[in-house]
Amino acid sequence: MGFFLSFLRCCGWGTDPCTFQNDSIRLRLGISLGTWQLILNAAMFVLVLLFNRSLIGAGTVANWVLIGYSADFFNAIWAKTIPDAVFSSLDYLPLKIAIFALAIIGMAVSAAVYMNSEMGLAPYDALCVILSKKLSKIPFFVVRISWDMTAIIIGIIFSLGFRDFKVSLLGSFIMAFALGPIIQAIGKIMRPLFSNK
């Protein structure tokens with residue numbers, strides 16, 4: 001997820017809603033994405049402990065600690081190895097579109113696989129699941145879209161003055177509307193695999 005996220009950040013057309021929110025807040029604070037995600041997830045983790053400890057596992061810690069720092073790591077590598085023109089020049093627009101599309105697909109699928117692997121959820125994702133169970137009459141994908149749209153709104157508030165919203169929210173909106181249905185679809189494929197063990 002951190003690998004694909006790093007390319008979304010390079011493209012500048014938006015990331016998943018959680019990262020968009022966190023990137024916007026960390027810009028205000030002047031710290032790295034990894035450090036801010038570590039801090040925010042620690043606060044959210046307390047709520048998960050209080051409301052549903054069964055959602056905690058190895059995946060919780062891996063996502064909480066590694067996604068932001070791995071994205072920061074890969075972004076540092078791309079800054080030294082990929083020419084800026086690839087992400088900024090119209091001459092490379094077809095390549096940038098291809099990178100963006102593959103990164104969106106890779107990020108969405110890897111997020112869906114991680115969420116359906118039953119190895120624990122990151123606090124951000126766990127709180128969404130907890131909320132969905134409380135609102136049991138509302139389909140999960142609707143709750144997930146609403147959850148992600150809230151993160152986008154928070155991100156917009158914190159990023160005023162930092163971003164060109166006409167361009168940079170594209171990926172965030174795609175992810176907000178696609179992630180819930182993709183998580184559900186991949187879950188239908190994965191659940192029989194786990195239930196047979």
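**View A. Glu118 lies in the loop that joins helix H6 (93-116) to helix H7 (123-134).** The structure is a predicted model, in which local features require pLDDT of at least 70 and side-chain atom pairs count only at pLDDT 80 or more, whereas totals for chains, interfaces and linings use all residues. Residues are numbered from 1 along each chain as its sequence is written, and side-chain values use heavy atoms, with hydrogens and water left out. Helices are DSSP runs of H or I with at least four residues, strands are runs of E with at least two, and both are numbered from the N terminus. Although Glu118 is not a glycine, its phi is positive, at about 60 degrees. Most residues other than glycine have a negative phi. With a relative accessible area of 60%, Glu118 is exposed; exposed denotes over 50%, buried under 20%, and partly exposed the range in between, for a 1.4 Å probe and protein chains only.

View B. Ile186 counts as buried, at 14% relative accessibility. Beyond its neighbours within four places in sequence, Ile186 is in contact with Val109, Ala112, Val113 and Asn116; a contact requires heavy atoms within 4.5 Å. Ala112 is 74 residues from Ile186 along the chain, yet their C-alpha atoms are separated by 6.3 Å. In the protein as a whole, 75% of the contacts with a separation of 6 or more are between residues 24 or more positions apart.

**View C. Asn41 is located in helix H3 (residues 33-51).** Its relative accessible area of 6% makes Asn41 buried. Apart from neighbours within four places in sequence, the contacts of Asn41 are Trp64, Pro123 and Tyr124. Gly14, 27 residues from Asn41 in sequence, is 21 Å away in space, C-alpha to C-alpha.

**View D. Thr19 forms part of helix H2 (residues 17-29).** At 2% relative accessibility, Thr19 is classed as buried. When residues up to four places away in sequence are not counted, Thr19 touches Leu5, Leu33 and Gln37.

View E. Cys10 is in no disulfide, and the nearest cysteine sulfur, that of Cys11, is 6.9 Å away. For Cys11, the closest cysteine sulfur is that of Cys10, and the separation of 6.9 Å is too far for a bond, since a disulfide is a pair of cysteine sulfur atoms within 2.5 Å. Cys10 is partly exposed, at 22% relative accessible area, whereas Cys11 is buried, at 3%.

**View F. The protein as a whole contains ten helices and zero strands.** The radius of gyration is 17 Å, close to the 16 Å that the globule rule gives for 197 residues, so the protein is as compact as a globular protein of that length. This radius is taken over C-alpha atoms, and the rule is 2.2 Å times the number of residues to the power 0.38. The C-alpha trace spans about 50 × 35 × 30 Å along its principal axes. Of the 197 residues, 47% count as buried.
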